[in-house]
Amino acid sequence: MNYTYILKCADGSLYTGWTVDLKRRLEIHNSGKGAKYTRSRRPVTLVYYEMYEERREAMRREYAIKQMSREDKQKLIGQGNRTPV
């Protein structure tokens, strides 16, 4: 399974990414070994994710979410907040 996810950083900013192992990726972000953006904004919290069969679908969705305004991302989080795996 492939996941597109949104994290809320300690400074209140949002980070969007994709992975095949959501739990492990969250641990990596919080250990400081994840994306450069999240390293100085720890801890991060998973606030939203979507599941996809195909990797390219998850990557396309990541790109689409990154193009959204913060307001639209907040709406997405509010509409589809899912329990972490």
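Reader: How many aromatic pairs does the structure hold?
Author: Three. A pair here means rings of Phe, Tyr or Trp (its six-membered ring) with centres within 6.5 Å; planes under 30 degrees apart count as stacked, over 60 as edge-to-face and the rest as tilted. By the way, this is a predicted model: local features need pLDDT of at least 70, side-chain atom pairs count only at pLDDT 80 or more, and totals for chains, interfaces and linings use all residues. Residues are numbered from 1 along each chain as its sequence is written, and side-chain values use heavy atoms, with hydrogens and water left out.

Reader: What makes the pair of Tyr3 and Tyr49 edge-to-face?
Author: The ring centres are 5.9 Å apart, and the planes stand at 65°, so the pair is edge-to-face. Tyr3 sits in strand β1 and Tyr49 in strand β3, 46 residues apart, so this pair links distant parts of the chain. Strands (E, at least two residues) and helices (H or I, at least four) are DSSP runs, numbered from the N terminus.

Reader: Why is the pair of Tyr5 and Tyr15 called tilted?
Author: Look at the angle: the planes are at 45°, with the centres 6.4 Å apart, so the pair is tilted. Tyr5 belongs to strand β1 and Tyr15 to strand β2, so the two tie together parts that are ten residues apart in sequence. Tyr5 and Tyr15 also form one aromatic cluster with Tyr37.

Reader: How do you know whether Tyr5 is buried or exposed?
Author: Buried means under 20% relative accessible area, exposed over 50%, and partly exposed in between (1.4 Å probe, protein chains only). Tyr5 has 2% relative accessibility, so Tyr5 counts as buried. Tyr15, at 14%, counts as buried too.

Reader: What makes you say that Arg41 lies over the face of Tyr37?
Author: Arg41 is at 3.8 Å from the ring centre of Tyr37. The rule asks for NZ of Lys or CZ of Arg within 6 Å of the ring centre and within 35 degrees of the ring normal.

Reader: How do you know that the buried residues of α4 are on the same side?
Author: Those residues are Lys73, Leu76, Ile77 and Gly80, in helix α4 (residues 70–80). They cover an arc of only 100° around the axis, which puts them on the same side of α4. That arc is taken from the directions from the helix axis to the C-beta atoms. On the face turned away from this buried side you'll find the exposed Glu71, Gly78 and Gln79.
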